[in-house]
Amino acid sequence: MDPFASPHNLDRELHSLLALASSNLCDWFAESDSHNPIPDSFELPEVYPAKKGISNKVLLSELQLLMNGSYRPSHPGSLAHLDPPPLSASIVGELICAGLNNNLLADELSPSLSSLERNLCKWFCRKMGLGDLSGGVAASGGSLSNLMALVMARNFAGLGSDPSAVFFASDDCHVSFTKALRIMGLKQESLQKIPTDDKGKLDISSLSSNLKKIKSQGKKCFAVVATAGTTVRGAIDPLSEISRICKKEKVWLHVDGAIGGIYGLSTKTSEIVQGLGSADSITVNPQKLLGIAKTSSLLLVANKNHLSSTFSTGLPYAEPITGSDFHGGELGIQGTRSAEALKLWIGLRQLGEEGIEKILLDSIKRRCYLESIIDSSKFKIISGPLHLLALTPINYTSSQASDWSIKTRNFLLVNQFMLSRPMYGDRYYLKAVMGNPNTKFEDLKLLANLINNSII
Ligand SMILES: Cc1ncc(COP(=O)(O)O)c(C=O)c1O
């Protein structure tokens, strides 16, 4: 049994292994709604390699154990996080990507796929309204895209070694910015938090006054982060107004559109993220709503030269690239990278522009519907224009809200609905993300009923 596919002729063993594994995966999908979104318990297979390798039959049975213990994103009640089921073409893209095993580090290790990534990023940039000089790079997740954006912004401002450099983001910005500042060797106070308004959006006047204050203290600001789609409620910061301030103050604007950026892809939803195109950089995560298999995140930049001027080191062990482009490994923090653009490209091709638009519009419809049938005399609902909402009982103390959230989350799980339980402000909420295309209005009626009756 040769564990590598034959380079000479059809490898029947690989053929049969793929067929069996695909069949098991299809069965796993098919039985999704007869299980809970997450299993109550699970059994791990043997973890360490045995002395001798095991047969394909045993491999598949061990694999099955892991599959049985997995979260099921395609269950109609899987509504907890930003993890929708994968598009079928995207699954194929991931499989083929593993088989090709190309490396986006350098063009010679991924000739067609490096070119695909460049062109796909360009398409995203155009759709998001970035200009002719724009470009981007794929990164393994939004946290990494955000980190790279900040490193680039700091480099652009010439503040790479200034410990007093600061950046601004709202109170509701994602935790990845806290990680970023630690990695960048900055102090906690380098992240200047701006309060949000009652809709969860960054307060503009506070941003203006804080920028002035920082200046008067002799500190330098290298970026303002605006969030297009906050993690708990999907709020969109006022992008156009923030951009005007950034232009006036000559400060880099990074939009963390890991959640909401994708709405820029359709003219029917792009108004929600108006102003996106005036950013210097944008994080967008097709994995979070479009059903591109994880991970899929892009860092898009209005002027792609900023990527290379920040990250390029030369790649002395790879053939130089012709033209003005840089190797993928010179456009970001990662060296070796898998060709994540492949599953993104094939997923988008499968959907077409109409399919993309439908996913975006349907997600908002589901959120609006759920919002309309939750009893607003019992619950405070927080949401924005996207597909997320969170709710907590009105008139509960924060300790009562905490007890309610634990009890209700468990009760919903027993009834095959999985919601998450974020802490927001001073209390716990239950959060529902309407990114699952398998969730029908009937399911939402049932869910609302259970939630409404969780308080008498
Ligand atoms: C607003 C926002 N930005 C960034 C991220 C980080 O993305 P990732 O989990 O892909 O690193 C998240 C994750 O949920 C998010 O909600």
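The centres of domain 1 and domain 2, taken over C-alpha atoms, are separated by 36 Å. The model is predicted: local features need pLDDT of at least 70, side-chain atom pairs count only at pLDDT 80 or more, and totals for chains, interfaces and linings use all residues. Residues are numbered from 1 along each chain as its sequence is written.

**Domains**
- The chain is assigned domain 1 (12-72), domain 2 (98-348) and domain 3 (360-452).
- These bounds come from an automatic or database domain assignment.

**The largest nonpolar core**
- A nonpolar core is a set of buried Ala, Val, Leu, Ile, Met, Phe, Trp, Tyr and Cys residues joined through C-beta atoms within 7 Å.
- The largest one has 107 residues, and Phe167, Ala223, Val224, Val225, Ala226 and Leu300 touch the most other members.
- Helix 10 (residues 340-373) gives the most to this core, with 10 residues.
- Domain 2 and domain 3 both give residues to this core, so it lies between them.
- Ala226 is in contact (C-beta atoms, placed from the backbone, within 7 Å) with Leu202, Asp237, Leu239, Ile242, Leu253 and Val255, leaving aside neighbours within four places in sequence.

**Lys193**
- Lys193 sits in strand 3 (residues 191-194); helices (H or I, at least four residues) and strands (E, at least two) are DSSP runs, numbered from the N terminus.
- Lys193 has 16 other C-beta atoms within 10 Å, so it is partly exposed (buried is 20 or more, exposed is 12 or fewer, partly exposed is in between; C-beta atoms are placed from the backbone).
- Lys193 touches Ala169, Ser170 and Asp171, not counting residues up to four places away in sequence.
- Phe168 is 25 residues from Lys193 in sequence, yet their C-alpha atoms are 5.9 Å apart in space.

Notes: Contact = placed C-beta atoms within 7 Å.
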